Amino acid sequence: MFKKIKKLTYTRPFRIIINGLWKDNPIFCMVLGICSSLAITNRVENAIAMGLGVTFVTVATSVIISAMRNFIPSRVRMITYMVVISTFVICVDQFLKAFFPTISEAMGPYVGLIITNCIVMGRAEGFAMKNPVVYSFLDALSCGIGYTYTLLIISIIREILAFGTILRYRVMPQTWTNWVALAMAPGAFVLLALYLWIMRTLAKVEPEK
Amino acid sequence: MNLITPVILMNIILFIITVLLIFAESVLVPHKICKVVINKERVFTTESGASLLSFFTKNKIFIPSACGGKATCGHCKIKVLNGGGPILPTEEVFITQKEKSAGIRLACQVKIKQDIEVYLPEHLFEAKEYQAVVEEISSLTHDIKHFTLKLLEPKTINFKPGQYIQIKVPGTEEFRAYSIASSPRQNDRIELIIRLVHGGLCSTYMHNVLEVGDKVVFTGPFGEFFLREESDKEIICIAGGCGMSPIRSIILYLAELGMPRKVTYFFGARTKKDLFYVEEMTELEKKYPNFKFIPALSEPEPEDKWEGEVGLITQVVERYLDIYMNGRYEIYLSGRYEGAGVLESYLCGPPPMIDAAIKVLTKKGVHIENVYYDKF
Amino acid sequence: MNTHPLLIFIAAIFPHNIALTYILGMCPLIAISKNLKTAFGMGISVIFVVTLTAVINWFVYNLILLPTNSQIISYVIFIITIAASVQLVEMLLERFFPPLQVAFGIFLPLITVNCIVLAVSLFMVLREYDFIKTVCFASGSAIGWAITIVTVSAIKEKLLLIADIPKGLKGPAITMIILGILSLAFMGFGGMVKIR
């Protein structure tokens, strides 16, 4: 029984999921997709929208690229990625505009910037281009979720400290002094630095020389 | 919302841009046919202009890369022997001084502009893959296990005694190298001797997870460390720990040929509980007068009641070579020879042991070109 | 709302620095800011590419997409024009100015996927800049970004020489801290120019 569980940890899907969520987490191990993770995480709702948006685009792109991987000439593959990615980003953008206009307003151009989020392109080029659809799907999904939970953690801390709320519900006492700096860029940078420090120590990421 | 105009427009614009780019490329980029030589033996021809990374991908050689050719991940390191041009500032960030002098480059940044020669680890492109099933697992010592793998597909394997294979760790893209411990004459199955390395990815899997009946995928055979069959020199083998593997393969093979050459095998371990295959080797020793097995312990425990050789294996080798040089060691030397120059030597073990052994052998007059070794 | 183009230019460099207030273009800032020379080359190339693509995209947007009411596809078109023009510039450089290609051209492919290139085009649309303002905003943003990467890499070079950085903090994390402090410093420029 014990061996069976251990054996499970040596299967492809398990490894892919663990890598996306933990060992190769896009943010704290590969340090990709930082721009959006900082710029929009001052509110939890933005972080959820961004995380799900990136997850959706990554999954959809990876599946499509993986399905077409044998037909894409290597010369035009970058352009192919971009067309595919930006098409899905347009979907996300229109979806947000239609159903969550306030979030769409708050995120502004950052929705469009999912296109240049390194995670999407990185998974397409690094994984989907050489793996079958099912694995690419799993890989993209776990990377997307790994990305989303990181955004959530950062945004929860930021929103509590900067506005005293979570999803706009008050959690801190009325006397709480808002840490305005955390809602802005400097706080975001320092907070991410601390997060990276903790996570990289926990996940034992080897620092580059 | 009207979607037809945008879609048509998008296609028109895409088309115009593509045509423009193709036109610009044919006018601006000089077309030249370049040769790409991989590991001195495989020659590809390709048009100039592409990066090495995309060239490899096109030829189904997959180099690790996470960022997709943007020089931000630094994973696609390869060795360019010549024709790569000067190192670019984009690469310098990732490449240490030591790697730089060894010719390491980022494959995504090297453009093919002229004939180019590169070195790739063999498993990246010469991966002949074997499927096998675990037939037997047994413990040799407290931390070393013996595995027998029966080949399923292809059904047989041809290798030279001393070579290694690479086992694919399931669920990952990682490979770990292990020397084959069995004779190449037994070509429908291979045997491996694997030590449990604390925290080691593959050895943990092999020791703690693998069961009889499980499937294993490996590639091979690889390696320049193998028995030189064209020679008829007397052989000295020196091994430590799991270095037993390739040496056992060599000795079993020679035994099957009736031990045509004289072989002395020095095997080093720390204590008696780290010794293995002593019985098997002693059997062979009895059977073939040409073969001599000399196990030695570096730190024997009192309860071991060890009566054999004591000391680092290299010290033992040195003592024996002294006797040999003086012509007194007649048990396995007929006296036909005049010096150690007629010896051929095969070494396998941890790097410090190999380095020390090479020093001893060359000091005693063994020609360095007759010393073959495999460090792990 | 009629801001003077020069104000937009200054604002884009200092108080509204695209890296330090909008947090864009982080990947190259983290990955290749270890070496001052590299950072400088990257900065120059970014200034050039951002300005060029913003101009092209302004024309594409205002002359093609707006009249046909096709703003919905602007993402695809923007990224494609960016990729195509970068590739074109690279080929031109390689053909006619090989020394420039070695010094700056090698950064070009890396810039295609740099978020600030796309971001500048998106901001330009969002804020409905006219042509002059677009040029000012684009070049200003890019110069601001270049200043940031050069500063960060200079600080990092010094830091590596003298500081004993804890293990987990090495690499990207320490870069973020430097950026945080820089960003605080740049907030001080906030009163300099008032634009919306």
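Here are some notes for a first look at this complex.

1. Ground rules. This is a predicted model, in which local features need pLDDT of at least 70, side-chain atom pairs count only at pLDDT 80 or more, and totals for chains, interfaces and linings use all residues. Residues are numbered from 1 along each chain as its sequence is written, while chains are lettered from A and ligands numbered from 1 in the order in which they are written.

2. Confidence overall. For the complex, the predictor reports an ipTM of 0.86 and a pTM of 0.75. Chain B averages 83, and 91% of its residues score at least 70.

3. Where to be careful. A contact here means two residues whose C-beta atoms, placed from the backbone, lie within 7 Å. Where pLDDT is low, the predicted coordinates should not be read in detail.

4. Chain A. You'll find 10 helices and two strands here, arranged along the sequence as α-α-α-α-α-α-α-α-β-β-α-α. Helices (H or I, at least four residues) and strands (E, at least two) are DSSP runs, numbered from the N terminus. The radius of gyration of chain A is 18 Å, close to the 17 Å that the globule rule gives for 209 residues, so chain A is as compact as a globular protein of that length. That radius is taken over C-alpha atoms, and the rule is 2.2 Å times the number of residues to the power 0.38. Of the 209 residues in chain A, 50% are buried, meaning that 20 or more other C-beta atoms lie within 10 Å of a residue's own, with C-beta atoms placed from the backbone (12 or fewer is exposed, in between is partly exposed).

5. Chain C. This one has nine helices and zero strands. Its C-alpha trace spans about 60 × 45 × 25 Å along the principal axes, and 58% of its 196 residues count as buried. Among contacts in chain C between residues at least 6 apart in sequence, 80% join residues at least 24 apart.

6. Where C meets A. Here 37 residues of chain C are in contact with 35 residues of chain A. On the chain C side, helices H2 (26–31), H4 (74–96), H7 (115–126) and H9 (172–187) each supply at least two residues. H9(C) gives the most, with nine residues.

7. The sheet in chain B. Six strands form an open sheet in the order E9-E8-E11-E6-E7-E10, with antiparallel pairing; two strands pair if DSSP finds at least two bridges between them. Strands E9 (175–179) and E10 (189–195) of chain B are the edges, each pairing on one side only. Inside the sheet, eight bridges join E6 (residues 129–139) of chain B to E7 (residues 144–153) of chain B, which run antiparallel. One facing pair to look up is B:Ser138, which stands opposite B:His146 in E7(B).

Notes: pLDDT = per-residue confidence, 0-100.
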